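Subject: Structure handover

Hello,

Here is the structure I promised to pass on. Please open it first, then read my notes below.

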Amino acid sequence: MEPELEQLPQKAKEKHAESKKFFAKLKKRPPKDLDYVMQELHHAEFERTDCLACGNCCRTTGPLFTNADIERIARHLRMKPATFIDKYLRIDEENDHVLQKVPCSFLGEDNYCSIYEVRPKACREFPHTDRKKFHQISNLTLKNVAICPAAFNIVEEMKKRLKI
């Protein structure tokens, strides 16, 4: 997986203009079956992709933590929410709770997450390629293709499959 990960940002950059143009068209006229197609592409890709062999998302980006995430994770760690926030989180420029640093403090060397059962919603849903109304998150998807090989593959397959 390493050579693929090293090449991913460059591959994403090379495809960025093409993908951006594709998403602009998609946003204007999303196919009626887009959610179905995205579910299919997402599931097919994750049949052959092992996130534990990668872990790039956890090493390079941090999720947004909702209040529900903070409460749930703090309870799991047997901490008060305020203590959890002080120890692991900071407020970003959009006034959201995010990790103080990356890689994620909960990521092990084996790419296993020590809070997997209670991980933040943003982590559970990443890379968001099976989300309903997919056409509404094109900016997020354009960022994720440079981080996640599976997201990159899904978008490339999507561009082949959807003729818009």
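This is a predicted model. I begin with the contact between helix 1 and helix 8. From helix 1, the residues involved are E4, L5, L8, K11, A12, K15, E18, S19, F22, F23 and L26. They meet P149, F152, N153, V155, E156, M158 and K159 in helix 8. By type, this contact divides into 10 nonpolar, 2 polar and 6 charged residues.

Now the geometry. Helix 1 covers residues 2-28 and helix 8 covers residues 149-161. Their axes are 10 Å apart, and the packing angle is about 40°. Because of that angle, helix 1 counts as oblique to helix 8. The crossing of the two is left-handed.

Next, the nonpolar cores. The largest has 23 residues. Which of them touch the most other members? They are F23, L26, M38, F134, M158 and L162. Helix 1, helix 2 (34-48) and helix 8 each supply at least two residues of this core. A second core of 13 residues is separate, and F65, I73, A74 and F84 are among its members.

F134 deserves a look of its own. Beyond its neighbours within four places in sequence, F134 is in contact with F23, L26, L34, D35, M38, H128, T129, T141 and M158.

T141 lies in helix 7, residues 138-144. Is T141 buried or exposed? Its relative accessibility is 1%, so T141 counts as buried. Again leaving aside neighbours within four places in sequence, T141 is in contact with F23, F134 and V155.

Last, helix 4 (residues 67-76) and helix 5 (residues 81-88). These two pack at an angle of about 95°, with their axes 9 Å apart. Angles of 65 to 115 degrees count as roughly perpendicular, so helix 4 is roughly perpendicular to helix 5. On the helix 4 side, I70, E71, I73 and A74 take part. On the helix 5 side, the partners are P81, F84 and I85. This contact has 6 nonpolar residues, no polar ones and 1 charged. I73, A74 and F84 from this contact are also in the second core.

Best wishes

Methods:
Residues numbered from 1 in each chain as written. Predicted model: local features only at pLDDT ≥ 70, side-chain atom pairs only at ≥ 80, totals over all residues. Heavy atoms only, no water. Helix = DSSP H or I, 4+ residues; strand = E, 2+ residues; numbered from the N terminus. Buried < 20%, exposed > 50% of the residue type's maximum accessible area, 1.4 Å probe, protein only. Contact = heavy atoms within 4.5 Å. Axes fitted to C-alpha atoms, helices over the stretch in contact; angles between N-to-C directions. Parallel < 35°, antiparallel > 145°, perpendicular 65-115°, else oblique. Left-handed = near helix turned anticlockwise from the far one by under 90°. Nonpolar A, V, L, I, M, F, W, Y, C, P; charged D, E, K, R; others polar. Core = buried A, V, L, I, M, F, W, Y, C linked by side-chain atoms within 4.5 Å.
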